Amino acid sequence: MNLTPRSSTSDASCEHIPALCVSRVPIFNHLPSEVLAVVADKAAMRTYERGQFIHRAGDPSDKLFIVHKGKIKVYRLSDTGKEQLVRILTPGDFAGEMALFSSADHDAYAETMQSSEVCTIYRADVRELLLQYPDISLHVLAELSRRLATSEKQTAAIATASINARLAQYLADLAEQENAVNFSLPMSRRHLASFLGTTPETVSRRLGEFEEAGWILQTGQRKITILDLDALLLVE
């Protein structure tokens, strides 16, 4: 794994970055400031250039990592080498949580999509924090439950629903998350296709069909306005 240390030209400001990093994460952001300082003391920051791996499938899973800046895609490869996107991590997101409970190797790849800053906390340090501050454990379980539900929903959709239904539901879910009918797709069409289990050409074609039907309006490659949410929710 190729790690590039942060530049030493801003060492004074860098001292505060781990604290900012951990304060964004759902499993830590409920903690009082003095406890966040304890967590931050156990975190180390690294900078990755675009296209570098945080980890590969088969690497030891021995730390929690938190995105401070940038964007990271987590994906698996099929036996034929086809990429299946699991999720995209943005600032405040974390991964490697399974390292807290076992010493199993990673089963997926985490690759930077742009220059990124990542905080890492080793398993032993996180376990120590869990013993000191049990409330963290409840937030970890809540996050794992949320991710399991999302993963099961994605798997079931790919196995049983048409691409039209999968794409329509994805757009409806985004509108709900953003609490708005106007939003930007959080990923490229290539990555969206990987996430939905189809091809970029199919995604573009279906979006065009939704637009022709008067259900959505597209502006550029990513801007979407939902014009008829009810119609999207009825797509089969």
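Colleague: Is Cys 119 buried or exposed?
Modeller: This is a predicted model, where local features need pLDDT of at least 70, side-chain atom pairs count only at pLDDT 80 or more, and totals for chains, interfaces and linings use all residues. Residues are numbered from 1 along each chain as its sequence is written, and side-chain values use heavy atoms, without hydrogens and water. Buried means under 20% relative accessible area, exposed over 50%, partly exposed in between (1.4 Å probe, protein chains only). Cys 119 has 0% relative accessibility, so Cys 119 counts as buried.

Colleague: How many disulfides does the structure hold?
Modeller: A disulfide is a pair of cysteine sulfur atoms within 2.5 Å. The number of disulfides in the structure is zero.

Colleague: Are α7 and α8 roughly parallel or roughly perpendicular to each other?
Modeller: Helices (H or I, at least four residues) and strands (E, at least two) are DSSP runs, numbered from the N terminus. Axes are lines fitted to C-alpha atoms, for helices over the stretch in contact (heavy atoms within 4.5 Å), and angles run from 0 to 180 degrees between N-to-C directions. Helices α7 and α8 pack at about 100°. Under 35 degrees counts as roughly parallel, over 145 as roughly antiparallel, 65 to 115 as roughly perpendicular and the rest as oblique, so α7 and α8 are roughly perpendicular.
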